[in-house]
Structure formats: C-alpha cells, structure tokens
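Hi everyone, thanks for coming. I'd like to walk you through a structure that may be new to you, so please have a look at it with me.

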Amino acid sequence: MIIEKNALSMAETLKILEKDKEENKELIGFIKRFTKIKNDDVKQLKQELENVGIIKINKEHIAKIIDIIPKDSSDINKIFVNESLDENEINKILEIVKKHI
C-alpha cells in the first residue's frame, strides 16, 4: 500500500535501501554506479534548492538536479522541459550545484 508519494534522488533512495543491505545488494550496487554526490551533501543541496526562491522548481526537479548534477544551462534545460527558466534562474541553480561538487 502506498502511504505517501515523494520524489527522491538516487542518493536518497540509496540511503533507504541500505537499511536492508542483504536484500537490496544488487540494486544498491546499480544505484551507486550512477550516484554523483555524497549522501552528506544531498540534504544541504536539496535544502538550498528548495529555498532558492524560484517558483518553477518543484520536488521532482530538485531530485533530478541532484541525480544529474548539471554543469551548464543545457543540462538545466533538459530537466525543465515544460518550464522556461531565464538566465538568472539558471545561473542561481548552477551556482548552488557547483558549491556541492
């Protein structure tokens, strides 16, 4: 039964799966190959992105930003397919991400 629906980054999913390492061993190995940020930095990055003040950012966008760790505006635009961000908003996001890599 689904109790609650939340967007999680791969790093956050990994933390949950590691509670039962034996059962999730194969999945943990797979996710670790694609996780680009340390678990300690995820909370800070997520909090900063939530508080950046850009109305167009939702929880799903934040999870994708954490997963992809965008390096330039084209990476950001791939995440925000249905929304258009101006140059200032893109630069704010990139600035925050660069602090955590």
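This is a predicted model: local features need pLDDT of at least 70, side-chain atom pairs count only at pLDDT 80 or more; totals for chains, interfaces and linings use all residues.

Let's begin with the core. The largest nonpolar core has 21 residues, and those touching the most other members are Leu45, Phe80 and Ile93. H6 gives the most, with 5 residues.

Let's stay with Phe80 for a moment. Which residues does Phe80 touch, leaving out those up to four places away in sequence? The answer is Lys56, Ile57, His61, Ile65, Leu85 and Ile93.

Now for the pocket. The largest pocket has a volume of about 150 Å³. If you'd like to find it, look for Glu12, Lys15, Ile16, Lys19, Asn39, Val42 and Lys43, which line it. At least two lining residues come from helix H1, residues 10-17, and at least two from helix H3, residues 39-50. What is the make-up of this lining, in nonpolar, polar and charged residues? There are 2 nonpolar, 1 polar and 4 charged residues.

Last, the loop. Between helix H4 (59-68) and helix H5 (73-79) you'll find Ile69. For context, most residues other than glycine have a negative phi. And is Ile69 buried or exposed? Ile69 is buried, because its relative accessibility is 4%, and the cut-off for buried is under 20%.

Note on methods
Residues are numbered from 1 along each chain as its sequence is written. Side-chain values use heavy atoms; hydrogens and water are left out. Helices (H or I, at least four residues) and strands (E, at least two) are DSSP runs, numbered from the N terminus. Buried means under 20% relative accessible area, exposed over 50%, partly exposed in between (1.4 Å probe, protein chains only). On a 1 Å grid over the protein atoms alone, a cavity is a set of points where a 1.4 Å probe fits but cannot get out, and a pocket is an open set with protein on both sides within 12 Å along at least five of seven lines; lining residues have an atom within 4 Å of a point. Grid points are joined across faces, edges and corners, and a volume is the space filled by probe spheres set on the points. Ala, Val, Leu, Ile, Met, Phe, Trp, Tyr, Cys and Pro count as nonpolar, Asp, Glu, Lys and Arg as charged, and the others, Gly among them, as polar. A nonpolar core is a set of buried Ala, Val, Leu, Ile, Met, Phe, Trp, Tyr and Cys residues joined through side-chain atoms within 4.5 Å. Contact means heavy atoms within 4.5 Å.
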